[in-house]
Amino acid sequence: MQSELSIVWIYPDLLSTYGDQGNVLVLEQRARARGIRTKTIHVRSSDPVPQQGDVYLIGGGEDRPQILGAERLRRDGGLHAAIQRGAALLAVCAGYQIMGTVFGGEEGQPVPGIGLLDISSGRGERRSVGELAAEVDPALGLPTLTGFENHMGVTRLGPGVRPLSRTLVGTGNGDGTEGCYAGRIIGTYLHGPALARNPALADLLLSWVAGPLPPIDDSWYQALRDERLRAVLPS
Amino acid sequence: MSQLPLRAQLASALGRTAATLSRATGRGDGSVIGGRVGLMLEPDLLRKLAADRKLVLVSATNGKTTTTRLITSALQEFGDVATNAFGANMPAGHVSALASNKDAPYGVLEVDEKYLPEVLDTTHAGIVCLMNLSRDQMDRAAEIWLLAQKWRRALAGRPVHVIANCDDPLVTWSASTAARVTWVSAGQRWREDSWCCPECGGPLDRSGFGNGGQGLTAAQMAETNWACRECTFRRPEPTWVLDGEYVTDPRGRHWRLDLQLPGQANRANAAVALAVAETLGLDPARSLPRLRMVTSVAGRYTTVERDGRSLRLLLAKNPAGWLEAFDVADPALPIILSVNAQGPDGRDTSWLWDVDYRILRGRPVLVTGERRRDLALRLAVAEVPFQLCDSFEQAVGLLAPGKIDVIANYTAFQQIRAEFGRAV
């Protein structure tokens with residue numbers, strides 16, 4: 001990381017349907033609270049993806065923008081180069097599927113992904129819409145994952161990734177797990193402001209590129225987490 | 001319309017009885033239950049009730065209820081108009097509206113976006129008015145490009161006259177298959193859903209702004225040209241143009257709107273309403289005075305009094321709606337925000353993160369509603385100071401007597417209205 005942390009939001013013009021901007025705002029706020037200066041770059045799909053960023057974000061969207069986004073990322077190559085340099089990436093929903101080897105298109109036809117994660121996705125039988133709660137892989141040392149999902153995707157994890165979590169409530173990947181991670185890449189079906197509901201996940205991404213972080217006042221985050229987890233988990 | 005077959009007459013009469021009962025027992029305004037009863041008894045009722053009228057369908061993400069009201073108000077210049085004034089905008093509400101005013105020669109129906117193809121198919125309406133499309137209640141899976149495509153298919157090859165806002169690329173794309181279109185430049189404040197060409201997916205080049213579309217001035221709003229960089233899809237030339245307070249009609253006459261309804265969004269609704277009225281033969285000289293008579297629509301923009309406090313109620317259901325509400329709210333006043341996530345609101349609160357709340361910095365902000373903790377965190381991250389309140393009543397009590405703005409999403413708004421006995 002250089003003197004300021006650079007956050008790169010990939011293709012908000014194509015893939016930003018569900019409040020994905022929230023993840024950008026939460027990363028900025030949590031860096032700022034630690035005295036880390038940030039610079040955020042919104043990369044439109046007609047522009048090249050910069051290779052020198054620290055944390056990259058890509059969000060959710062409809063089928064058509066997802067296919068366009070995958071094509072442009074593959075042609076561009078900037079994200080691949082950034083990941084090789086050691087940048088962190090949070091990929092959400094449609095963006096998560098794009099990172100795999102294949103995903104389902106408008107009519108369910110297979111569309112090639114960009115191969116940054118060893119996963120393959122297709123179309124499920126029905127749409128999964130609702131609150132999700134999941135226990136995170138103990139190796140990551142994070143509290144329960146909470147969020148909202150809205151997708152028809154089913155994702156199979158290959159040996160090159162680990163499940164991010166095991167679902168308590170909700171569908172996630174469709175096999176009892178939700179999301180995955182490998183290296184400094186996290187993928188999840190928790191759409192929109194996933195980091196607002198999971199500030200520890202935001203800190204994990206930040207710490208990968210900025211080193212250990214001191215604790216900050218999390219009371220508003222915690223109040224929301226408590227409310228949502230209470231609403232969906234049996235007490 | 002008095003020539004309805006016996007079965008349809010009976011269905012329509014029983015529906016009205018159910019509606020009366022619903023109102024009498026205080027369970028609702030009766031417009032949905034009445035229509036449901038009627039439709040159950042006679043599935044073809046809507047088609048029969050719609051026959052032989054001049055019918056206008058109004059659809060959009062935002063402004064449906066207000067625009068329906070404005071067009072209705074204008075057409076009353078001609079005589080009786082049947083309309084679903086209470087926002088019951090699915091077929092049961094349409095049946096109820098038309099049945100309760102069987103002899104009205106005109107009908108103006110607000111139509112839920114997802115129901116537009118079906119209602120068009122059933123009613124054979126001659127005029128369709130389309131204003132805007134943006135993200136809304138996403139957990140109900142109305143992905144808007146798919147919705148636009150459904151509109152497009154529904155309008156193709158039909159003898160219908162569409163009045164559409166050409167500043168909204170998705171609306172333009174939907175409307176451009178229709179046999180006849182009158183294009184109105186009514187502006188577009190929320191642009192986060194139209195960066196890509198709906199036809200080919202290429203980037204849309206837009207002029208007139210450089211700040212992501214938020215907080216545009218009237219001058220920036222007026223300069224709203226757009227064109228796809230990769231294909232031939234571009235903004236059609238409008239025959240009606242809204243510029244700030246003024247509307248220019250196809251004959252080049254300028255009309256100063258002077259509405260009582262506040263805000264640029266309502267001026268856009270009025271511009272479209274003027275174009276619809278003219279399509280039906282009503283000159284702005286006659287329709288505009290009627291638009292100016294509208295002061296409040298189903299409680300929206302109403303001011304209510306409590307303990308020396310004047311509360312102005314603004315409804316905002318989605319990010320585009322919040323931008324419009326901020327445009328109307330007075331920066332010098334305290335503001336109460338209330339957010340729920342019940343079925344009609346969408347269970348997902350992600351949209352809160354698409355709204356830029358920083359404009360509220362500097363005024364007292366009170367936060368309430370069933371999902372107040374979502375909003376609290378959102379404001380904390382935006383560094384907008386606020387106070388969390390357990391109830392609307394508590395929020396009101398915390399503020400000194402005087403004027404207060406209130407912005408609430410759908411069910412939160414209805415709860416506040418109910419506290420005031422729906423008198424508003």
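**View 1. Contacts of A:Cys93 in the predicted model**. A:Cys93 is in contact with A:Gly59, A:Gly60, A:His151, A:Tyr189 and A:His191, leaving aside its neighbours within four places in sequence; contact means that two C-beta atoms, placed from the backbone, lie within 7 Å. The residue is found in the loop between strand S4 (88-92) and helix H4 (94-98) of chain A. Helices (H or I, at least four residues) and strands (E, at least two) are DSSP runs, numbered from the N terminus. A:Cys93 counts as buried because it has 27 C-beta neighbours inside 10 Å, the cut-off for buried being 20 or more other C-beta atoms within 10 Å.

This is a predicted model, in which local features need pLDDT of at least 70, side-chain atom pairs count only at pLDDT 80 or more, and totals for chains, interfaces and linings use all residues. Residues are numbered from 1 along each chain as its sequence is written, while chains are lettered from A and ligands numbered from 1 in the order in which they are written.

**View 2. The annotated pair A:Cys93 and A:His191**. The UniProt annotation "active site", from an unreviewed entry, covers A:Cys93 and A:His191. They are spread over 99 residues of sequence, yet the largest C-alpha distance is 5.9 Å. UniProt positions follow the numbering used here, feature names are shortened, and annotations may be inferred rather than shown by experiment.

**View 3. Surroundings of A:His191**. A:His191 lies in the loop between strand S11 (185-188) and helix H5 (194-197) of chain A. A:His191 is buried, with 30 other C-beta atoms within 10 Å. Not counting residues up to four places away in sequence, A:His191 touches residues including A:Tyr18, A:Phe148 and B:Ser350.

How values were computed: A residue is buried if 20 or more other C-beta atoms lie within 10 Å of its own, exposed if 12 or fewer, and partly exposed in between; C-beta atoms are placed from the backbone.
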